[in-house]
Amino acid sequence: MSRIAVIDFETTGVSPGQGARATEVAIVLLENGRRVDHYQSLMKTGAWIPAFITQLTGITNAMVNAAPDAAGVMQDAARFVGDAPMVAHNAAFDSKFWQAELALAGVAAPHAFACTVLLSRRLYPEAPSHKLGSLVDYHGLPRTGQAHRALADAEMAAELLARMQHDLRQRWGVAEPGHALLMALQRCAKPQVGKLLAQHGNRPAVPAAC
DNA sequence: TGCCAGGCCCTCTTTAGGGCCTT
């Protein structure tokens with residue numbers, strides 16, 4: 001059984017090291033590429049949400065002030081994820097907030113993150129943009145909910161991940177495009193992507209990335 | 001005083017600079 005947790009945070013800024021806090025978290029759980037469950041919650045941290053963030057996300061100070069405390073939300077989120085490996089769009093961003101918010105909640109965060117931005121750059125170098133919304137449009141994937149809200153963005157990232165796994169099977173013959181392969185692929189130097197996929201698949205054809 | 005992310009990746013590069021991507 002291949003389980004992957006796709007996560008997205010909305011936050012008050014770009015860096016927890018500069019005092020930014022999460023305002024909302026959403027996680028979509030995939031099993032063998034199929035969505036089986038999800039978790040979503042706003043969270044109260046006491047941090048002020050700048051006006052431009054409210055304009056971007058629609059999340060207001062009143063909304064988070066009425067939400068559950070962040071520590072409890074993060075403890076629930078960690079229980080929901082369990083030991084599943086994780087994926088995010090620009091994982092460098094979400095993994096920092098995952099670690100920072102879990103640390104404040106007193107929960108360990110040992111999860112490995114794969115990144116759909118890095119994977120997309122390797123699998124679809126011809127894409128005009130690697131922004132989440134642009135990739136969703138590029139692949140003709142469904143848009144659900146309000147963009148820049150955590151659940152809608154996590155659902156789009158999950159759709160994108162499922163599309164990547166489908167393409168790895170169909171185009172390159174990779175039987176098990178699981179999290180371990182995704183981690184290897186995102187770390188692979190671009191000129192070596194074709195060789196890596198040929199090693200894991202049954203089709204020697206050079207992928208678009210090479 | 002004023003400013004404040006940071007890792008990845010491309011190129012007019014590698015003794016560097018700047019765009020992308022996330023909020």
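## Strands

Strands β2 and β3 form a hairpin with 2 residues between them, and N32 in the turn has a positive phi of about 50°. Helices (H or I, at least four residues) and strands (E, at least two) are DSSP runs, numbered from the N terminus. This is a predicted model, in which local features need pLDDT of at least 70 and side-chain atom pairs count only at pLDDT 80 or more, while totals for chains, interfaces and linings use all residues. Residues are numbered from 1 along each chain as its sequence is written, chains are lettered from A and ligands numbered from 1 in the order in which they are written, and side-chain values use heavy atoms, with hydrogens and water left out.

Two strands pair if DSSP finds at least two bridges between them. Strand β2 pairs with β3 (residues 34-42) in the antiparallel sense over 8 bridges; here I27 has Y39 as its bridge partner in β3. Pairing of β1 with β2 is also antiparallel, over 9 bridges, and R3 is opposite E31 in β2. Strand β2 (residues 22-31) is largely enclosed by the rest of the structure, because 9 of its 10 residues are buried. Buried means under 20% relative accessible area, with a 1.4 Å probe and protein chains only.

## Nonpolar cores

A nonpolar core is a set of buried Ala, Val, Leu, Ile, Met, Phe, Trp, Tyr and Cys residues joined through side-chain atoms within 4.5 Å. The largest one has 34 residues, of which V6, L123, L161, L168, L182, L185 and L197 touch the most other members. The largest share of this core, 9 residues, comes from α7.

Contact means heavy atoms within 4.5 Å. Leaving aside neighbours within four places in sequence, L185 is in contact with residues including L119, L123, L168 and L197. Another core, of 29 residues, lies apart from the largest one; V81, A84, A88 and C115 are among its members.

## The surface near DNA strand B

A residue is near the strand if one of its heavy atoms lies within 4 Å of it. DNA strand B is surrounded by 23 residues, the closest being E10, R122, H130, L132 and K190. Of the atoms of DNA strand B that come within 4 Å of the protein, 77% belong to sugar and phosphate. Strand β1 gives the most to this surface, with 4 residues.

Definitions and conventions
Buried < 20%, exposed > 50% of the residue type's maximum accessible area, 1.4 Å probe, protein only.
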